[in-house]
Each structure stands twice: as structure tokens, then as C-alpha cells.
Amino acid sequence: MSRPAELGLAVVVAAAGIAAMVWWPAGDGLDASDPVDIPDEASGPELPADAEPQPDGADDAPPQADDEAEPGPEPEVVDESGDAFAFMPPGELLPDSGTGLTQQINYAPAMRFPMELGQAYANSQVYGHGGFHGPGGGQCDGENYAYAWRDNFCETRGHSTPLCPAGTGHQGQDIRPASCADASHWAVAAADGTITSVGSYSVRLMSDDGLRFTYLHLDSDSLVVEPGDMVNRGDRLGLVSNEFGGNATTIHLHFEVKMAVNTPAGLQNTHVPPYLALVDSYQRLLTGTDSQG
């Protein structure tokens, strides 16, 4: 075929193609059953089989940080005088006062703090100011009425305390009231239960769930319960004092919790450290989150 003939044929073919594009009915393209070849360039990158479809614009979103934002500091818990509550770790006794039990459990997580008002100071009566082994000064020294709290469950004493490293200890926790004033601050029931005994300066309460709470050094003239009384958590029992039989002690509440637990000698009904339960119940009292009263 000559060169002019080839050019003429090309013009005819092009014209036919243009006519087909103009006159082809819109929307009536390929039949759904007709195979279509899609160029590889249009298919995009191959996705993993388990990949989830992303919404439009997802590729433009900023990358998410792998690590969650760190929480801010916990707000301070303050008492009724506006002082920030602080406490030493469990088992950290005053120097030269014994070996503490550092691994402790909150044995009474639902109990109410055993004093009525939200201002109290847990610390040693014997090794603090005014105590027999103390650094001097009187029991009303300001250091006795300041935070941080300090555990003294395993403090060196002669009482059988199987959970303590020495096998003997204090059996409870000493707590000073808001001020160094005798018979002015109420001790209250830590749980619903029954008063099982009342001594000249002591009260014992058996809770409905089987924990025995003991309160010592209460003012005998102020006691408002008798054996057999049913009490509700928060009910008044007596005023914190310094009574200790024939001998006066410092003004404080000695508070104990006794229950059946496993000890190095097996299952025993014995005193358990109340420190963590006191810390927890005190914080709930101060923050108003003890909804049970």
C-alpha cells in the first residue's frame, strides 16, 4: 500500500472512533458479565488479607502516639484543719523500736475509721515524745500531732504477735486524737456488729463478718455501750483517754483487729496489722467517700 493510501486509511479509522465515543449510549457500557483487564498500575499496593478498610482521609490523619499520656499527680488529701495527710510505708517503725512487717494486707477494707472526726495521728506512744523510750519532752509535743503517720504494730513489746518477724509485738496501732485533750474525742464503731465485752477502759466489738475490733484507753465514765448491744458503724462508743488500769498512759486510742489467718505456725485466730485498713478508712473519711456512714 502506498504512503498516501495509508494516511487516508488512518483518517477514516480515527473518524470512526470519534463517532463511536460521541454516539455510545451513556450508562450502557460493558455488560456486567464482560471481563475487564485493569492495568497493574491502577490496582495500587496489595493489602494484607486481614487489613481493614480505612475511611476517606485516614491516610492524612496524624500518627497516634504509642504511649498513653501519663496521669497527673494525685490530689492531696487534707484533714479538717487543712493539713495534707501523709503516711510512712507499712512496717517502717521508728529507729530502734523493732522490726516491722513490711508485706501487709488490708484485712478490713470496708471498715470505718474508728474515730469520729477526720483529724488523727497514728504513731508510737512508747517511742514518741512523752513515751518511756521516747526522745524527751511531753506527750503534747507538736511532733506527736503532725503527719506523717507511722506503723507500730510490730513495735518491741512483750505480747505474742505471730505475724511479726520477732513473734512478739504491740498487737495493734496507737492513734492520737486531734488534740492532746483528755476525754474530748469520740471513738466509734468500725463496723456493724455486737459489743462482746466492756472493761473499765476497753470495748470489744465483733463485726457481722467475723472481725474482732478492740478499743483500749477509753474514758470509763464516757462509755455508752454494754455487752450485747448491737451497733452500727459510726456509732459512738466512748471518749479517748489515758486510762490503763492503775497506771496512766498517754492520751490515745489503741486499736486492734483480730481474725483467723494463716501464720508461720498455721491457721490461728490472732491479731493482724490494722495499719493499711486505717490508712484507707482515714482517706475515705477525709474525702467524704465513705458512703456507708
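## Calls and cut-offs

Me: H217 sits in the loop between β8 and β9 (230-231). What sets the names of such elements?
Reply: Helices (H or I, at least four residues) and strands (E, at least two) are DSSP runs, numbered from the N terminus. This is a predicted model, in which local features need pLDDT of at least 70 and side-chain atom pairs count only at pLDDT 80 or more, while totals for chains, interfaces and linings use all residues. Residues are numbered from 1 along each chain as its sequence is written, and side-chain values use heavy atoms, with hydrogens and water left out.

Me: Is H217 buried or exposed, and why?
Reply: Its relative accessible area is 4%. Buried means under 20%, exposed over 50%, partly exposed in between (1.4 Å probe, protein chains only). The value of 4% is under 20%, so H217 is buried.

Me: What is noted about the phi of H217?
Reply: It is near 75°, a positive value in a residue other than glycine. D96 also has a positive phi, near 65°, and is not glycine. D96 lies in the loop between α2 (40-43) and β1.

Me: Why is D96 called exposed?
Reply: Its relative accessible area is 77%. That is over 50%, so the call is exposed.

Me: How much confidence does the model carry?
Reply: pLDDT is the predictor's confidence in each residue, from 0 to 100. The chain mean is 83, and 75% of the residues reach 70 or more. Over residues 1-53 the pLDDT is below 50. Beyond near neighbours in sequence, that stretch has three contacts in the model.

Me: What makes C140 and C180 a disulfide?
Reply: A disulfide needs two cysteine sulfur atoms within 2.5 Å. The sulfurs of C140 and C180 are 2.0 Å apart, so the pair qualifies. C140 is in the loop between β1 (121-122) and β2 (159-160), and C180 in the loop between β4 (173-176) and β5 (186-188). The two are 40 residues apart.

Me: Why is the disulfide of C140 and C180 called left-handed?
Reply: The S-S torsion is about -60°, so the handedness is left.

Me: How many disulfides does the structure hold, and what is the pairing?
Reply: There are two. C154 joins C164, again with S to S at 2.0 Å. C154 is in the loop between β1 and β2 and C164 in the loop between β2 and β3 (168-169), so the link ties parts ten residues apart in sequence. Numbered in sequence order, the bonded cysteines pair 1-4, 2-3.

Me: Which of these cysteines are buried, and which partly exposed?
Reply: C154 is at 5%, hence buried. C164 is at 4%, also buried. C140 at 48% is partly exposed. C180 at 23% is partly exposed too.

Me: How do you know that H271 and E256 make a polar contact?
Reply: Their side chains are joined at 3.0 Å. The cut-off is a pair of N or O atoms within 3.5 Å; within protein, one must be able to donate a hydrogen and the other to accept it, and residues adjacent in sequence count only if both atoms are side-chain atoms. H271 belongs to strand β12 (residues 266-272). At 8%, H271 is buried.

Me: What does T161 touch?
Reply: Contact means heavy atoms within 4.5 Å. Leaving aside neighbours within four places in sequence, the partners of T161 include F153, G167 and Q171. A polar atom of the T161 side chain is 3.0 Å from the backbone oxygen of H159. T161 is buried, at 0%.

Me: What makes a set of residues a nonpolar core?
Reply: It is a set of buried Ala, Val, Leu, Ile, Met, Phe, Trp, Tyr and Cys residues joined through side-chain atoms within 4.5 Å. The largest one here has 47 residues; W149, F213, Y215 and F255 touch the most other members. α3 (275-287) is among the elements that each supply at least two residues. α3 gives the largest share, six residues.

Me: How does the span of α3 compare with the expected one?
Reply: The expected span is 1.5 Å times one less than the number of residues. α3 has 13 residues and reaches 18 Å from first to last C-alpha, close to the 18 Å expected. Its buried residues pack against β4 and β11. Just after α3, G288 has a positive phi of about 70°.
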